[in-house]
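Dear colleague,

I am passing on the structure below, together with notes on some strands, helices and rings. Please read the notes alongside the coordinates.

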2 protein chains.
Amino acid sequence: MDELMALPTQPYKGTRDFYPEDFRLRQYIFDNWKKVCESFGYEPYDAPVIEPLELFASKTSEEIVREQTFSFEDRGGRMVTMRPEMTPSVSRMVAARRQELGYPLRLYSIPNCFRYERMQRGRTREFWQLNADLFGVEGIEAEVEILMLTDQLMKVFGATDDMYEIRVNSRKLLNARIASAQPKGEPMEVLRLIDRMDKMSPEDFEKELAELVGSPDQLLAFLRASSLEDIDEPEAEGLKTLLLRAKEAGVSSAIFMPAAARGFDYYTDIVFEVFDRSPENNRAMFGGGRYDGLVGAFGVEPIPTIGIAPGDVTMQNFLETHGLLPELKSETQAFVAPLTGQIGPAEALVAELRANGVNVALGLEDKKAEQYIKVADKKQIPYIIFVGGQEAKTNTFKAKNLRTKEESEPLSPDQLTKFLLS
Amino acid sequence: MDELMALPTQPYKGTRDFYPEDFRLRQYIFDNWKKVCESFGYEPYDAPVIEPLELFASKTSEEIVREQTFSFEDRGGRMVTMRPEMTPSVSRMVAARRQELGYPLRLYSIPNCFRYERMQRGRTREFWQLNADLFGVEGIEAEVEILMLTDQLMKVFGATDDMYEIRVNSRKLLNARIASAQPKGEPMEVLRLIDRMDKMSPEDFEKELAELVGSPDQLLAFLRASSLEDIDEPEAEGLKTLLLRAKEAGVSSAIFMPAAARGFDYYTDIVFEVFDRSPENNRAMFGGGRYDGLVGAFGVEPIPTIGIAPGDVTMQNFLETHGLLPELKSETQAFVAPLTGQIGPAEALVAELRANGVNVALGLEDKKAEQYIKVADKKQIPYIIFVGGQEAKTNTFKAKNLRTKEESEPLSPDQLTKFLLS
């Protein structure tokens, strides 16, 4: 094959290949998300990657749709988009079966989403995101449950309260304050600026805010308020009750944060974001909130809804920063290595171990013992079992631990099964 | 909200929404695929949905790339494709780390793939596919293992040998016979026609074949041969050995089928397909084969490779046709229904059950007992637990089976845990 014509081996820019060790890490995160969601009675669902463009056009943040979607015309002339987020799709699905579904309806999914982003830490063009949504509950019980769920989604990985905080705010309160500050253009522009406040210097923020609103001072004071006691709108009472009830339910990391905004247009009331408190990774990790209007966009009665959406990349960064990633093992429990002429007995052993529920890889080509060990080591398989003439004759086999180099006594296939599965 | 402006609720044409009951069915298939692959020592991986167009341009079937891909220009002017299949991506990944990976290398993935297809049974524009591939083994042991794996991928669902057959052929043999028949154009066109032979009437097939080759008679006789004894090429010996060794390894449904072709260009030798033997669904379900050249397309030494790729839709059709689908239960074990004023005690019970590992959904709004039962029933949750004043006072609760209507004795939270998890 001509080297000059060779295809490149790297993945498309901004996307990732998942080799087995990468896959295990991602799966570890997904398995924990699944465990927590299902313990709260959330049911799994999925939607297509491709959706009609108009599903996102009026729903998702305008910036994302205009600048960051993978959108194109299909072979039948329809404009389609690779989903940049899951919320419009799940709202569509709920609207389609509004009457048949029982409420409270709890749904979760772990979809891959696509955004044409400039590269920066925590951002990729294909990323995975847990979407957990609670439909049909107007009362504060919904907010309390979502905060409990959020807290468990951190605790399940071994995170402790000092590592993160859950910043809670009210869009209604924030919108009222923005309105009072006399925005010169769209109020949403001011909200998006506030969403970026953490990433800017105080001076830059003040400067940009002064460009967007007529009287920035009171708004600035509000955004820097540290306590709900300083706020006199009725929304402050609701926030107080929510934080109190969350604390009673064991969520001790939830705090009021007047500058927590979240970028999506569709949030209608309470919003929150989980913030990493470590100095090296001090940033908003993910968020959520109430978006009561979205199901109604499909021509049915609206349904009160609240949801959250942590992403795989930010979660992995958090776990790495705090040293919370466990060592992940291969799914394969043993490598069976046939020595010269012993492929038949090795196949028989492997068949028996597999029938007993052991995951076994078989060495298929005649190799030397050291070569087999090297292969099993590369795959992080914990045990190697050699099958030579003596083993074949006695039908007993030693399992060698590749890390400690210790070797078991000769074991029958049944004893070997117990040994490997223990 | 204006009804005329409402967004449509159906998914993009040819794709599917997966509500919880659909998701569970798909997950049942995936879980079984995963179990079988891992029992053979296959390791999980994943690749991006988006790949550069050129990855597929020269590899995948030309028809698929030209007529069936979702391809488009990204915002940076690059031509990209949503993967129509996984084989080029996994070949790219293996080529990128050719030296670091240990052989035999066993990899599996369950990606979603995208093809712009005309609608017909078993075809969708977004489908999932198990890809299991074995890299680095030249010998027939690789073919035997892949046939064993294929057979287990059917047996794990309860399929018996009378329900399916595994049709085995040699591309080398078939290509030689096509060459002898004097093709008028590209030999690959003849191969693709043969791949469609099962779906055509014998007359139509003969007519189209006569248009593509100069002397169709011997080729026709070969395609209708029922036994390897009728074939005198050396490849027949290899096929005989393979079928014999597969039988010894317990694969009794493998047979020689001279017309088994498979549509992809990249197969180089042995190919096979699993065929549903039921009269209602008599069709090729999925296939695989040896494709030794693909890793080499990335400018590295080629690696002998063999793989298979069953799809979710054809597998589901097969399981439905043969009555092999089990009843799938909700992940949620109990619905806790607080009666008026008892949300506090209900929350406490739920917290305790969850801490004990029980998946519990909580009723969050004040409803009547019958309404709660209706909701739990819609979600196929097996048990409902009412929390009224008496239950709160005694801290004991009855679990009611929603199907049999039987009710347990009053149980403490710990007893309830044992009851629900048993």
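Ala334(A) stands opposite Val360(A), a residue of β15(A). This is a predicted model, in which local features need pLDDT of at least 70 and side-chain atom pairs count only at pLDDT 80 or more, while totals for chains, interfaces and linings use all residues. Residues are numbered from 1 along each chain as its sequence is written, chains are lettered from A and ligands numbered from 1 in the order in which they are written, and side-chain values use heavy atoms, with hydrogens and water left out.

Strand β14 (residues 334-338) of chain A is joined to β15(A) by three bridges, and the two run parallel; strands here are DSSP runs of E with at least two residues, helices are runs of H or I with at least four, both numbered from the N terminus, and two strands pair if DSSP finds at least two bridges between them. Both strands belong to an open sheet of four strands in chain A, ordered β15-β14-β16-β17, with mixed pairing. Because β15 (360-362) and β17 (399-401) of chain A each have a single partner strand, they stand at the edges and one side of each is left without a neighbour in the sheet. From one strand to the next the twist averages 30 degrees, where axes are lines fitted to C-alpha atoms, for helices over the stretch in contact, and angles run from 0 to 180 degrees between N-to-C directions.

Helix α15(A) packs on this sheet and touches β14, β16 (383-387) and β17 of chain A, its direction making about 165 degrees with that of β16(A); contact means heavy atoms within 4.5 Å. The axes of α12 (residues 343-355) and α15 (residues 413-421), both of chain A, come within 10 Å and cross at roughly 55 degrees. The two helices α12(A) and α15(A) are therefore oblique to each other (under 35 degrees is roughly parallel, over 145 roughly antiparallel, 65 to 115 roughly perpendicular, and the rest oblique). Leu349(A), Glu352(A) and Leu353(A) of α12(A) meet Pro413(A), Leu416(A) and Thr417(A) of α15(A).

Over all chains, the structure holds 19 aromatic pairs, counted when ring centres of Phe, Tyr or Trp (its six-membered ring) lie within 6.5 Å, with planes under 30 degrees apart stacked, over 60 edge-to-face and the rest tilted. The rings of Phe30(B) and Trp33(B) have centres 5.8 Å apart and planes at 25 degrees, so this pair is stacked.

Best regards
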